[in-house]
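Dear colleague,

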Amino acid sequence: MEFLQQLNIGPENTGTSTGTNWLSSGLPSGAPAITSVSPVDGKRIATITTTDKAGYDTVIETARKAFAEWRTWPAPRRGEVVRQIGEALRANKQALGRLVSYEMGKSLQEGYGEVQEMIDICDLAVGLSRQLNGLTMHSERPAHRMYEQWHPLGVVGIISAFNFPVAVWSWNSMIAWVCGNTCVWKPSEKTPLCAVACQNIIASVFAANKVPEGVGCLVTGARDLGEWLAADTRIPLISATGSTRMGKAVGTVVAARLGRSLLELGGNNAIIISADADLNIAIPGAVFGAVGTAGQRCTTTRRLIIHEKVYDKVKEKLAAAYGQLRIGDPLNENNHVGPLIDTDAVKSYQQAIAAAKEQGCRFVVDGEVLAGDGFESGCYVRPCIAEAPATAPIVAQETFAPILYLLKYSSLEEAIAIQNGVPQGLSSAIMTLNLREAEQFLSAAGSDCGIANVNIGTSGAEIGGAFGGEKETGGGRESGSDAWKAYMRRQTNTINYSTQLPLAQGIKFNL
């Protein structure tokens with residue numbers, strides 16, 4: 001395929017890189033391999049050689065050595081490197097977007113959109129490189145000055161998930177780089193080629209700017225590689241995106257060594273549709289939120305909490321909208337919904353539907369696994385809608401598939417209680433033209449999620465705001481606002497420019 005050639009992706013690819021050169025250590029002839037298979041057509045794309053322990057240790061030591069130099073580069077100079085990465089991504093947007101779509105299975109428009117997020121975060125990081133500001137404080141002691149400054153941490157470990165195979169890495173790495181850190185990236189073993197492509201793109205930029213080898217590293221492998229990263233005392237910060245189960249394991253190991261973790265975990269997101277909602281906004285927002293990326297976003301809309309006065313109308317409109325969905329090859333821009341990532345995800349989809357029926361859910365739009373021409377990979381499913389009792393346990397669980405549950409409410413307080421009554425706390429929304437309802441939803445007594453929207457859906461976040469959630473979503477924040485502080489250490493400084501040394505509590509030494 002042409003886009004693979006443009007990104008220097010061949011049938012065989014190494015999986016250990018320090019950003020400017022691919023390492024030979026860690027790539028013995030008998031090393032385990034990962035085969036990347038597209039969920040679009042079930043075809044093998046390429047094979048990735050994984051990173052063994054010796055190769056891993058070489059990468060970490062190379063990243064540590066690079067940090068010693070990289071942290072001394074002025075932040076605006078580091079920002080200039082990131083600016084050039086943004087330009088390289090612009091030049092490769094079409095090819096990389098197609099690879100994201102083909103290897104992961106999301107629609108081509110979403111693949112392009114993910115690369116655009118990378119470009120946007122580069123732009124944000126460039127501006128940030130001149131705004132890593134600390135505070136100044138007045139000292140209680142005469143002729144003293146106090147201020148704080150922020151220093152880079154060191155090596156940042158990034159563990160990313162398959163559903164956003166490139167964007168989440170960029171959210172972390174671009175910010176971490178302008179802050180002066182080096183990065184080691186472990187991508188999902190389900191989408192390794194996207195990571196190889198990104199490494200190829202940044203390598204040329206790093207080489208042109210004489211960036212120290214090891215500033216941006218890639219290691220590929222399965223669960224054991226993630227375990228090495230989490231337990232490694234040489235890595236002060238681990239940023240991990242994935243399931244709540246994975247995040248709890250990573251967080252526990254990192255905390256045991258007193259390291260830092262930035263966790264972006266599961267979501268079980270709801271939209272409240274008020275009696276005062278504009279349904280011309282609410283219905284498209286709900287449909288896109290529920291079926292975008294085939295329900296495989298952490299911000300996917302999984303629950304609709306609908307006022308009893310408009311419940312039947314909303315249900316009818318949703319069923320009609322689902323009837324118009326086009327499912328198929330995501331590289332065909334006429335299609336709305338692509339495949340799930342693999343057949344294991346399909347099994348989870350089937351199991352969730354079976355559990356929902358056992359727990360009293362009634363399906364308005366039935367789900368099924370699709371077969372026949374164009375569906376040979378076995379990964380295509382039909383998005384479905386179920387009316388659910390509020391007490392059904394399945395509603396409180398996150399299934400990474402396009403299953404939407406409808407729940408009914410009579411008062412806003414009840415709706416907010418339903419919205420908050422799940423373990424996850426990532427994204428939430430209310431559709432209403434009632435100002436009082438909107439403000440109540442956004443108040444301290446309203447949504448308990450890290451993201452709360454009014455008259456837009458739960459999925460899709462601008463990089464200018466901090467992204468992340470509460471409760472079992474992990475509490476991490478990435479991207480904009482002051483999320484950059486997670487990648488730095490704070491230092492408070494006091495300068496005495498007097499001829500005296502006043503001691504605490506008036507203590508004096510006769511010296």
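Predicted model: local features only at pLDDT ≥ 70, side-chain atom pairs only at ≥ 80, totals over all residues.

The protein chain holds 14 helices and 23 strands, and its C-alpha atoms fill a box of roughly 85 × 60 × 40 Å along the principal axes. For 511 residues a compact globule would have a radius of gyration near 24 Å, and the 25 Å found for the protein chain agrees with that. Of the 511 residues, 57% are buried, and among the contacts with a separation of 6 or more, 75% are between residues 24 or more positions apart.

As for the surface, the accessible area of the protein chain comes to about 21100 Å², with 50% of it belonging to carbon and sulfur atoms. The side chains include 45 positive and 49 negative ones, and the centres of these two sets lie 6 Å apart.

On the pairing side, β15 runs antiparallel to strand β14 (residues 362-365), to which 3 bridges join it, whereas with strand β16 (residues 403-409) β15 pairs in the parallel sense over 4 bridges. Glu 387 can be followed in both directions, as it stands opposite Arg 362 of β14 and also opposite Leu 406 in β16.

Strand β3 (residues 33-37) has one covered face, made up of Ile 34 and Ser 36, while Ala 33, Thr 35 and Val 37 lie on the uncovered one. This strand pairs with β4 (residues 44-49) in the antiparallel sense over 5 bridges, and Ser 36, from the covered face, has Ala 46 in β4 as its bridge partner. The two strands form a hairpin with 6 residues between them, and in the turn Gly 42 has a positive phi of about 75 degrees.

Ala 143, although not a glycine, has a positive phi of about 60 degrees, and is found in the loop between β5 (136-138) and β6 (144-152). Ala 294, likewise not a glycine, has a positive phi of about 55 degrees, and lies in the loop between α10 (279-291) and β13 (301-307). Are these two alanines buried or exposed? Ala 143 has a relative accessible area of 26% and is therefore partly exposed, whereas Ala 294, at 3%, is buried.

Finally, His 307 is found in strand β13, and because its relative accessibility is 10%, under the 20% cut-off, it counts as buried. Leaving aside residues up to four places away in sequence, His 307 touches Ile 273, Ser 274, Ala 275, Tyr 409 and Ser 410. Between His 307 and Leu 96 there are 42 Å in space, C-alpha to C-alpha, and the two are 211 residues apart in sequence.

With kind regards

Terms used
Residues numbered from 1 in each chain as written. Heavy atoms only, no water. Buried < 20%, exposed > 50% of the residue type's maximum accessible area, 1.4 Å probe, protein only. Rg over C-alpha atoms; globule rule 2.2 N^0.38 Å. Contact = heavy atoms within 4.5 Å. Areas by Shrake-Rupley, 256 points an atom, 1.4 Å probe, with all protein chains shown as cover. Lys, Arg positive; Asp, Glu negative; His and termini not counted. Charge placed at Lys NZ, Arg CZ, Asp CG, Glu CD. Pairing = 2+ DSSP bridges.
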